[in-house]
Every structure is written in C-alpha cells, then in structure tokens.
Amino acid sequence: LYSLERLQHRICRRDPEHGTVERCWSFAAAALAPELRYATPYGVAEALWLDDGSAWIGLDNGGAANAAGERRPLILQFAAPDGGWSG
C-alpha cells in the first residue's frame, strides 16, 4: 500500500494490514523549488502513479499560476529508488 502524503511532500509505503509507515521518499526538493511554488496555504499534489522505474505525481493547481507563471497542471516524474519501491 502506498500513500501520497501531500502536505509532507512524500510518498510512503505502508503496511496494508495496519497502515503503519514502512518507508517514505520525499519529493519536497522538487515540489518546493522556487519556480514551482504556488501561493497557496495547502499542498497541490493530487495524483500518484508508481511503476517499476518511476513515480509520477500530479500537481493540481486549480488554475492558479506558479512562480514561473505556468497555469497548467504539472506532472512530476521521479526515478524509483535503488532496489525499487518494495526493496
């Protein structure tokens, strides 16, 4: 079981029976890069897709522009960690 921890800017693998965190990976450095910042008091990460080699995180900005002036929703791609998501 994987969860998108929006406000903490991380992806976590959780025990499916109890929901306890097994391991987390942060995407804060990318999501909080100055040019990607939004003038919102909440997280904008809304979507998560994991495959063998990548994590894809969708940012829904509600039509607001980020610091670079981009108004389209963004998709960030991150390489899977060494050993994969369940390693």
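These questions and answers go through a predicted model of one protein chain.

Residues are numbered from 1 along each chain as its sequence is written. Because the model is predicted, local features need pLDDT of at least 70 and side-chain atom pairs count only at pLDDT 80 or more, while totals for chains, interfaces and linings use all residues, and side-chain values use heavy atoms, with hydrogens and water left out.

Reader: In what order do the strands β1, β2 and β3 stand in their sheet?
Author: Two strands pair if DSSP finds at least two bridges between them. β1 and β2 are joined by 4 bridges and run antiparallel, and 5 bridges join β2 (residues 10–14) to β3 (residues 21–26), also antiparallel. The 3 strands form an open sheet in the order β1-β2-β3.

Reader: Which are the edge strands of this sheet?
Author: An open sheet of 3 strands is formed here, with antiparallel pairing. Its edge strands each pair on one side only; they are β1 (2–5) and β3.

Reader: Which residue of β3 is the bridge partner of R13?
Author: R13 is the bridge partner in β2 of Y2. In β3, the bridge partner of R13 is R23.

Reader: Which residue in the turn between β2 and β3 has a positive phi?
Author: β2 and β3 form a hairpin, and 6 residues lie between them. The residue with a positive phi, about 80°, is G19.

Reader: What is the handedness of the disulfide between C12 and C24?
Author: A disulfide is a pair of cysteine sulfur atoms within 2.5 Å, and C12 and C24 meet this with an S to S distance of 2.0 Å. The pair links strand β2 to strand β3, with C12 and C24 12 residues apart. The torsion about the S-S bond is about 105°, so the disulfide is right-handed.

Reader: Is C24 buried, partly exposed or exposed?
Author: Buried means under 20% relative accessible area, exposed over 50%, and partly exposed in between (1.4 Å probe, protein chains only). C12 has 0% relative accessibility and therefore counts as buried. C24 has a relative accessible area of 25%, so C24 is partly exposed.

Reader: What is the phi of H9?
Author: H9 is found in the loop between β1 and β2, and at 16% relative accessibility H9 counts as buried. Most residues other than glycine have a negative phi. H9 is not a glycine, yet its phi is positive, at about 55°.

Reader: Which residues does A31 contact, leaving aside its neighbours within four places in sequence?
Author: A31 is in helix α1 (residues 28–31) and counts as buried, at 10% relative accessibility. Contact means heavy atoms within 4.5 Å. With those neighbours left aside, A31 is in contact with H9, L36, R37 and L76.

Reader: Which residue in β6 stands opposite L59?
Author: Leaving aside its neighbours within four places in sequence, L59 is in contact with V44, A45, P73, L74 and L76. The residue standing opposite L59 in β6 is L74.

Reader: What percentage of the residues in the chain is buried?
Author: The chain has 87 residues, and its C-alpha atoms fill a box of roughly 40 × 25 × 15 Å, taken along the principal axes. Buried residues make up 36%.

Terms used
Helix = DSSP H or I, 4+ residues; strand = E, 2+ residues; numbered from the N terminus.
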